[in-house]
Amino acid sequence: MKFLILCENSNGAWPYLHYRGLGAFELKKRVKDHGYDATIIEWFTHWKNDDLIKASQVYFKDTDQPVIAVSTPFDNKDLYKIETFLRWCKKTYPNVKIIHGGSRTFQETLGGLVDVFFLGRSMEIFDQWISNKDLSKFTVNKSPLVLMNRNFDQKIDNPVIPDLDEDNCFVSRDILGFEIGVGCKFNCTFCNYELRGAKITKFLDAKELHNYFEVAYKKYGVTNYYTSDDTINESDEKLEIIIEAMEGLDYKPKITSFARLDLFSKRKHQLDMIEKIQFAALFFGIESFNPEVSKSMRKRTGLIDNFETLKEIKKRCPDTYTIGSLIAGLSGDSKENMIQSIERVINEKLLWGLQVYPLLVTETSNVSDDYFLSDLDQNPEQYGYKTSIPITSLHGDRETQVVHWESDWSNSVDAQKLVDEIYETYEGQIIFMNHYEYAGFKSLGLIKPNKKIDYESLKHQSFNVSSQLKHQYILNKKRYFGI
Ligand code: SF4
């Protein structure tokens, strides 16, 4: 059996970024653990159909059991972009299996072409599938076959860290990922992260991470990284692992992460830890600066002052790009509170960047995992929201609808208007760029010290430079295949 793993993570909201994938590497590792061969084709929508065909011809020439595994973590409509190639494979390789993973829903219309859809975090199911074991407990749809893990076991899954083999064609400007711990132990009301409410968090070994940092740098000159953890300061251990892994390196890895501001406020000693790490960029999902609102969303721990914490982070980590996100329309909040908080952040320069979103309440008829809807989506009334008719589909998914809601001071229409007003009013006073964008632009050398950041121009420049980088990757990978 040989696996050609096709991965695409650069479409959707940020086509100008060039982060290397993560889930595909875990799949590659698992395939190898089972004694088979696998290699990854990154950014597959950027490849010409003919080149994909040639790569498969070379790679599958010595197997009668080829597998095409497609991974689309952000936009599963990317599958349609290689439909011609997949149909060609079906015709050419009689035994080919086409499998799909990385997303939380599946495309019924591609049944017949795709043999199996793996939904959500599915390494346990994959191990069963590749070993020809009974899949009945994971089967949620028979035609096409859709497999999902309803009783996810955090002890079976490992935190993901890619291999650094030559066939990955890494170059110094790549941004490589890793995961410190599987799952998040919290369960914020609005969150639809799949592994929230985790009882056990299994951590990456600090020595393994140290080795990863060391080899990636020595072999390829890589210095930029991101963590896939949804909350890097969920526990002290996660930060300790990074600190330990960085010790004794010849360079300082530049790491981008999601974090919780309220946890830094509560556990002040974590500020000493991030001072040591000096993250490249941190994203705080603040949601509201109103403590009562945060509490009602299960995003506040104790009596805390997030403004003071931001001041402290700015002092200790002056070069870390910090961005906070707020949600407009939350019950118990108010327009005045939002505006006051934003103006304080701007006047005191407490954050580099800001993003504001209207609250979304969704419902779905999709076959999806049990965490796909947040607690708030499932019981809006309980959290102070009256809902009524669907108003639009979510990210073009017709089965998942965003519904109209009303809180004690806002509703889905007014919240969107407020968001538009905030962006219009504060443009030029704070940047609306998120942490991944900043770290991506920086890794490409587009952000210069002491130079004003022009977000729109950076997006254009980054699109050009990252397209060249993806093109170079394709040339290198074609050289690997010998085509
Ligand atoms: S919002 Fe963050 S901290 Fe809260 S449950 Fe989701 S991932 Fe965990």
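**Exercise 1. Sort the residues of the shell around the ligand into nonpolar, polar and charged.**

Step 1: List the shell. Around the ligand are Cys184, Phe186, Asn187, Cys188, Cys191, Tyr193, Arg196, Asp230, Thr231, Arg260 and Gly285, each with its C-beta atom, placed from the backbone, within 6 Å of the ligand.

Step 2: Apply the classes. Ala, Val, Leu, Ile, Met, Phe, Trp, Tyr, Cys and Pro are nonpolar, Asp, Glu, Lys and Arg are charged, and the others, Gly among them, are polar.

Step 3: The shell divides into five nonpolar, three polar and three charged residues.

A word on the model: it is predicted, local features need pLDDT of at least 70, side-chain atom pairs count only at pLDDT 80 or more, and totals for chains, interfaces and linings use all residues. Residues are numbered from 1 along each chain as its sequence is written.

**Exercise 2. Describe how domain 1 and domain 2 are in contact.**

Step 1: Take the bounds, which come from an automatic or database domain assignment: domain 1 (2–155) and domain 2 (174–359 + 407–443).

Step 2: Their centres, over C-alpha atoms, are 31 Å apart.

Step 3: Counting contacts (C-beta atoms, placed from the backbone, within 7 Å), 12 residues of domain 1 meet 16 residues of domain 2.

**Exercise 3. Work out which residues Ile41 touches.**

Step 1: Leave out residues up to four places away in sequence.

Step 2: With that done, Ile41 touches Leu4, Ile5, Leu6, Cys7, Trp47, Ala55 and Lys477.

Conventions:
Contact = placed C-beta atoms within 7 Å.
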